[in-house]
Amino acid sequence: MEMNIFQIIWYVLWGVLWAVYFALDGFDLGAGSLLYFLGKDEKERRVVYQAVGPFWDGNEVWLITAGGATFAAFPTAYAVMFSALYTPLLLLLFSLILRGVAVEYRNKHESLSWRNFWDFLFFLGSFLPALLLGVAFANIFKGVPIDEKGLLQTNLFGLLNPYGLLGGLLFVFCFATHGALWVAFKAPSPFSERAANLAKKTWVVTLLLVILFWIISFAVTNMWANFLKAPLLIAFPLLAALCYLMVPVFLNKGAYFKAWAFSALTIVLFTAWGVAGLFPNILPSSINPAYSLTLVNSSSSPLTLKIMTTVAILFVPIVLAYTFWAYKTFSYKITKEDISY
């Protein structure tokens, strides 16, 4: 069976939705995972909460959209993915729920122990999703041991292999850098400068992890095969590297929003590298390539994809306009009067 234009369109859109989700929710997950490193006292922790407070739930809409698009456009891949990766996805879901509850309940009581309890859940609910997403996507890049029935021939500990854990660490430090940059942009001085200094340190670690991840990907996965077949695709990793090198340039100038914007572009382009490397697979099998789920053998009918394309053309601009409005409205520096979330 040959692929049709709507399957290709929705494969690209599938990648775009994940890229937007990582770029947006990545910074609030990163800020949460740095809560104990950035927030030395009650006042500073409230600044971290306030920096992500107006955005975190809107950002997660993109996760729901990416999951919904997978379900509607590639239902077979969705079914196998959510069955094979049931445990890590359930952990991811519980972590995100705990984080949302922590944000809402943390300031409902003045007790120190009450706030420390929710701070820990906020940290845990931010750190675990970053780690699990990295582990999940690294395993997808490498190939998941699924058989001809779509059953996973390993357990959660099997997914925590060295390459999967390297992907998890990469996501944790990448999001941490992204989050520190956002806090630097939003927080008042001198807290802003301290967040920027932390971003400089995590930036170095992230850069080393990216280089290591790309080298090991070349050795243990087929992720670079498409780039050797179509050299134009190499523009994605090259542009990702260029954008990431611009981050410290703007950090040193104190232009924190521009540094954050280049970090976001890096995440989008790095995701583009992943999607281009996977093509045409969505969930490759490490047991036998014939068991892999691709955009051809797991997609909905052409009519369904055509209707979905029409709906996307009508509603995606509305979602983008709302997102732009929300960020523009709340893109001011935090003041003492604002620390009320």
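Leu239 is partly exposed, with a relative accessible area of 41%. The value falls between the 20% limit for buried and the 50% limit for exposed residues. This residue belongs to helix 12, which spans residues 235–252. The model described here is predicted.

Asp25 sits in helix 1, which covers residues 5–33. Neighbours within four places in sequence can be set aside. Asp25 is then in contact with Trp56, Asn59, Glu60 and Arg99.

Helix packing was examined next. Two packed helices are described by the angle between their axes and the distance between the axes. Helix 7 runs over residues 112–142, and helix 9 over residues 162–186. The axes of helix 7 and helix 9 come within 7 Å. They cross at roughly 135 degrees. That angle makes helix 7 oblique to helix 9. An angle has to be over 145 degrees to count as roughly antiparallel. The crossing of helix 7 with helix 9 is right-handed.

Residues of both helices build this contact. Helix 7 contributes Phe127, Ala130, Leu131, Leu133, Gly134, Val135, Phe137, Ala138, Asn139, Phe141 and Lys142. Helix 9 contributes Tyr163, Gly164, Leu165, Gly167, Gly168, Leu169, Phe171, Val172 and Phe175. By class, 14 residues of the contact are nonpolar, five are polar and one is charged.

Helix 9 also packs with helix 10. The angle between helix 9 and helix 10 is about 155 degrees, and their axes are 7 Å apart. Helix 9 and helix 10 are therefore roughly antiparallel to each other. The cut-off for this class is an angle over 145 degrees. Helix 9 and helix 10 cross with left-handed geometry. Their contact has 23 nonpolar and six polar residues, and no charged ones.

The link between these two helices holds a cis peptide bond. Ser189 is joined to Pro190 in the cis form, with omega near 0 degrees. Pro190 lies in the loop between helix 9 and helix 10. Another cis peptide bond runs from Phe279 to Pro280, where omega is about 0 degrees. Pro280 is placed in the loop between helix 13 and strand 1, the latter being residues 281–283.

Aromatic rings were then considered. The count comes to 45 aromatic pairs. One of them joins Trp214 and Phe270, whose ring centres are 5.8 Å apart. The planes of Trp214 and Phe270 meet at 20 degrees, so the pair is stacked. The limit for stacking is under 30 degrees. This pair links distant parts of the chain, as Trp214 and Phe270 are 56 residues apart. Trp214 is in helix 10 (residues 191–220), while Phe270 is in helix 13 (residues 256–278). Trp214 has a relative accessible area of 16%, so Trp214 is buried. Phe270 is buried too, with a relative accessible area of 15%.

Trp224 and Phe227 form an aromatic pair with tilted geometry. Their centres are 5.2 Å apart, and the angle between the planes is 55 degrees. Both Trp224 and Phe227 are buried.

How values were computed. Residues numbered from 1 in each chain as written. Predicted model: local features only at pLDDT ≥ 70, side-chain atom pairs only at ≥ 80, totals over all residues. Heavy atoms only, no water. Axes fitted to C-alpha atoms, helices over the stretch in contact; angles between N-to-C directions. Helix = DSSP H or I, 4+ residues; strand = E, 2+ residues; numbered from the N terminus. Parallel < 35°, antiparallel > 145°, perpendicular 65-115°, else oblique. Left-handed = near helix turned anticlockwise from the far one by under 90°. Contact = heavy atoms within 4.5 Å. Nonpolar A, V, L, I, M, F, W, Y, C, P; charged D, E, K, R; others polar. Phe/Tyr/Trp six-rings, centres within 6.5 Å; stacked < 30°, edge-to-face > 60°. Buried < 20%, exposed > 50% of the residue type's maximum accessible area, 1.4 Å probe, protein only.
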